[in-house]
Amino acid sequence: MAVQILIPTPLRAYTKGEKVVSVEAGTVGEALRTLTERYPELRRHLFNEDGRLRSFVNVYLGDEDVRYLQGEETPIADGQTLSIVPSIAGGSGWRSGRWITRP
């Protein structure tokens, strides 16, 4: 089944600039593995050494977080869209009426 995977800007360097990649897959896990077979450098950014999806990588099937569905075993219908959303950490805090940034 044809599935569209939306690639976030920080990861496009590993997909030769592609914003959307089409793959044939029946589950979320198959789609992500097919993606990383096509773009091997992307694998270390999505999966840990044990082959599990990294905890800071969020994957959505449509508007649903796959962690609350069946994870990588979540079935995908033809034409559905997966979105990869890496978590963003760090930043600044609000204190005494001004933003405090940390190096």
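In the predicted model, a polar atom of the T74 side chain lies 2.7 Å from the backbone oxygen of G71. T74 itself is placed in the loop between β4 and β5 (81-86). The relative accessible area of T74 is 4%; because this value is under the 20% cut-off, the residue counts as buried. Beyond its neighbours within four places in sequence, T74 is in contact with G26, T27 and V28, and likewise with L61, V66 and L69.

The C-alpha atom of G62 is separated by 5.7 Å from that of T81, although the two residues are 19 residues apart along the chain.

Read from the N terminus, the order of elements is β-β-α-α-β-β-β-β-β. The chain comprises 103 residues, of which 34% count as buried. Among contacts with a separation of 6 or more, 46% are accounted for by residues 24 or more positions apart. The accessible surface of the chain amounts to about 6800 Å², and carbon and sulfur atoms contribute 50% of this area.

Definitions and conventions
Residues numbered from 1 in each chain as written. Predicted model: local features only at pLDDT ≥ 70, side-chain atom pairs only at ≥ 80, totals over all residues. Heavy atoms only, no water. Helix = DSSP H or I, 4+ residues; strand = E, 2+ residues; numbered from the N terminus. Buried < 20%, exposed > 50% of the residue type's maximum accessible area, 1.4 Å probe, protein only. Contact = heavy atoms within 4.5 Å. Areas by Shrake-Rupley, 256 points an atom, 1.4 Å probe, with all protein chains shown as cover. Polar contact = N/O pair within 3.5 Å; in protein donor to acceptor, adjacent residues only side chain to side chain.
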